Amino acid sequence: MSLSVENLRIAYRTLRGDVQAVDGVTFAVADREIMGLAGESGCGKSTLGNSLIFIEGRMKHVGGTVELDGKALPISDDRAMNHHRMRDVSIIPQYAMSALNPTKKVGTLAHDLLKSRGMKLAKVLPEFRRRVALVGLPENVLEMYPFELSGGMRQRATMVISTLLNPSLLIADEVTSALDVSNQRAVGELLTEFRDLGYVKSMIVITHDLSILAQIADTIMVMYAGKLTEKASASTMIDKPLHPYTQALLSSLPEVGVRYEDRELTGIPGRPPSLLSPPPGCRFRERCPFAYDKCVEDPPFMELLPGHQVACWKAADDVAGGAGREHNEASATPSGGAGDASPERGPSLGARAGKGAE
Ligand SMILES: Nc1ncnc2c1ncn2[C@@H]1O[C@H](COP(=O)(O)OP(=O)(O)OP(=O)(O)O)[C@@H](O)[C@H]1O
Ligand code: SF4
Ligand SMILES: [Mg+2]
């Protein structure tokens with residue numbers, strides 16, 4: 001197992017109190033697994049990803065543990081973490097593309113980053129050049145300034161630099177968000193290629209875009225208001241999600257070729273709760289069409305079916321009541337029914353924005 005996270009809690013100190021951005025999350029990422037992490041804006045995706053490599057000033061490690069390759073990762077000890085950054089765990093932060101210093105050439109940026117890890121660029125230069133060619137960047141990219149590169153080229157450059165030391169875990173935060181569809185696809189394919197080539201062992205790919213995850217992720221995990229709501233294989237999450245929030249997220253995606261008049265996009269009514277003082281019970285309760293009396297209690301993140309974890313009382317009841325059996329049978333036969341846990345959602349995500357563009 002590459003990564004094992006146990007009851008992790010991360011907060012931000014603010015003048016109005018602590019924002020509980022990651023509130024008791026437990027999950028694992030297997031060797032060679034590309035895990036997509038999805039959820040609405042502000043649900044804690046970046047905080048979770050960032051906390052695995054750098055707990056910055058306002059962030060607070062409230063509790064929980066992280067293990068990488070069977071060894072504890074000292075996430076709250078900035079100095080001790082220095083040894084692990086880039087070597088064991090690396091990140092392409094959200095907005096990295098626009099944050100590249102415009103006054104420094106790509107080679108200087110790579111040199112500075114490696115120096116901060118006690119490494120010399122010269123030592124890894126042959127491999128750097130090999131990877132630059134592999135991702136289709138010009139040979140002289142090290143001599144270029146970031147503003148001379150297109151968005152897609154900049155993103156490929158950040159991917160090469162952040163994985164130069166073959167980390168065990170790469171966290172890629174919204175790496176496709178600012179790109180057009182063809183560059184999104186190219187960067188997505190490169191992520192899987194980097195895994196296949198062994199440049200990284202496993203990955204957490206954070207994105208709003210479920211259609212990208214449908215193409216590249218082995219598993220998808222969904223967060224809502226600082227907590228985990230569901231994790232399963234990508235195909236199960238797309239075609240047979242059990243959590244009402246995942247179902248609502250998928251219903252809010254457009255389908256290529258379907259006119260608005262024929263199928264109105266529903267969106268998700270309401271807003272996530274404040275993370276300053278989140279309400280007790282299920283955090284999706286105020287927006288959930290299936291909420292019932294039991295939902296005033298906090299649903300645990302339970303493995304309801306093999307490899308399928310869900311935090312929802314209704315899903316647990318459905319699975320216990322037989323929908324899970326239907327779900328299993330349906331998963332085994334692609335044309336099978338979804339069971340009553342899945343509202344009608346139209347065709348699978350392959351027909352939606354990402355793959356529909358093929
Ligand atoms: N520096 C900060 N100080 C205080 N609160 C913060 C800070 N950064 C994030 N937050 C809060 O923490 C919560 C989680 O934010 P986070 O950026 O992790 O969400 P996200 O899921 O990555 O959102 P997005 O999809 O918009 O990138 C939000 O409520 C956000 O307002
Ligand atoms: S626990 Fe209840 S409120 Fe929460 S998602 Fe499930 S049914 Fe809806
Ligand atoms: Mg984010």
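Reader: Two strands count as paired if DSSP finds at least two bridges between them. In which sense do β4 and β5 pair, and over how many bridges?
Author: Antiparallel, over two bridges. Strands here are DSSP runs of E, at least two residues long, and helices are runs of H or I, at least four long, all numbered from the N terminus. The model is predicted: local features need pLDDT of at least 70 and side-chain atom pairs pLDDT 80 or more, while totals for chains, interfaces and linings use all residues. Residues are numbered from 1 along each chain as its sequence is written, with chains lettered from A and ligands numbered from 1 in the order written.

Reader: Which residue in that hairpin takes a positive phi?
Author: D69, near 50 degrees; two residues lie between the strands. E67 has A72 in β5 as its bridge partner.

Reader: What does β4 do with β1?
Author: They pair in the antiparallel sense over eight bridges. Y12 stands opposite M59 in β4.

Reader: Switching to ligand 1. Which residues come nearest?
Author: Y12, S41, K45, S46 and T47, out of 16 around it. Near means a C-beta atom, placed from the backbone, within 6 Å.

Reader: Which element gives the largest share of that shell?
Author: α1, with three residues. β1 (3-14), β2 (17-29) and α1 (45-51) each supply at least two.

Reader: And ligand 2, which residues are around it?
Author: Among them are C282, C288, C295 and C312, along with R285 and K314.

Reader: Last one: what does A172 touch beyond four places in sequence?
Author: I92, L191, M203, V205 and I206. Contact means C-beta atoms, placed from the backbone, within 7 Å.

Definitions and conventions: Contact = placed C-beta atoms within 7 Å.
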